[in-house]
Amino acid sequence: GKFSKSHGIGVFGNDAKTTNIPSEVWRYYLLMNRPEVSDTLFTWADLQAKLNSELLNNLGNFINRVLSFVAKPAGGGYDSIIPDAPNAESHPLTNALAEKTNKWVEQYLEAMEKV
């Protein structure tokens, strides 16, 4: 039903804490389901489905792709050896990426503050 603090309906901060679900997971779910124009219906089944399908599957897929590429034999990947990158921190491409990433992080933080 609709959240009601006076009727004890809903998941509140202390309830969320006792679930031992990490705060980052709650934060992800709440941001993905924040109400834009009306109330949002929360169900434990929806929380589980969203975490499994959106967060875990996507993250797991990304990690699997990276590890699979690294484990490919020489010529197709890195033969299970992470290559050395001497002076990577001073490479122009690294610096350009760092500048772009810093700007994106600033934009993200500003947007989060507005939410």
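What percentage of the 115 residues in the protein is buried? It is 11%. Buried here means under 20% relative accessible area, exposed means over 50%, and partly exposed lies in between, with a 1.4 Å probe and protein chains only.

A word on the model. This is a predicted model, where local features need pLDDT of at least 70 and side-chain atom pairs count only at pLDDT 80 or more, while totals for chains, interfaces and linings use all residues. Residues are numbered from 1 along each chain as its sequence is written, and side-chain values use heavy atoms, with hydrogens and water left out.

Now the overall form. The protein has four helices and zero strands. Helices are DSSP runs of H or I, at least four residues, strands are runs of E, at least two, and numbering starts from the N terminus. The radius of gyration is 21 Å, whereas a compact globule of 115 residues would have one near 13 Å. That radius is taken over C-alpha atoms, and the globule rule is 2.2 Å times the number of residues to the power 0.38. The C-alpha trace spans about 60 × 30 × 25 Å along its principal axes.

Next, the core. Eight residues form the largest nonpolar core: V11, A16, V25, W26, Y29, F42, L47 and L51. Such a core is a set of buried Ala, Val, Leu, Ile, Met, Phe, Trp, Tyr and Cys residues joined through side-chain atoms within 4.5 Å. The largest share, three residues, comes from α2.

Look at L47. Leaving aside residues up to four places away in sequence, L47 touches I21, W26, Y29 and F42. Contact means heavy atoms within 4.5 Å. Across the protein, 24% of the contacts with a separation of 6 or more join residues 24 or more positions apart.

Further along α3 sits N58. N58 counts as exposed, at a relative accessible area of 51%. From N58 to T40 is 18 residues in sequence and 24 Å in space, C-alpha to C-alpha.

N20 lies between α1 (13–18) and α2. N20 is not a glycine, yet its phi is positive, about 65 degrees. N20 is exposed, at 68% relative accessibility. S80 lies in the loop between α3 and α4 (92–114). S80 also is no glycine and has a positive phi of about 65 degrees. S80 is exposed, with a relative accessible area of 53%.
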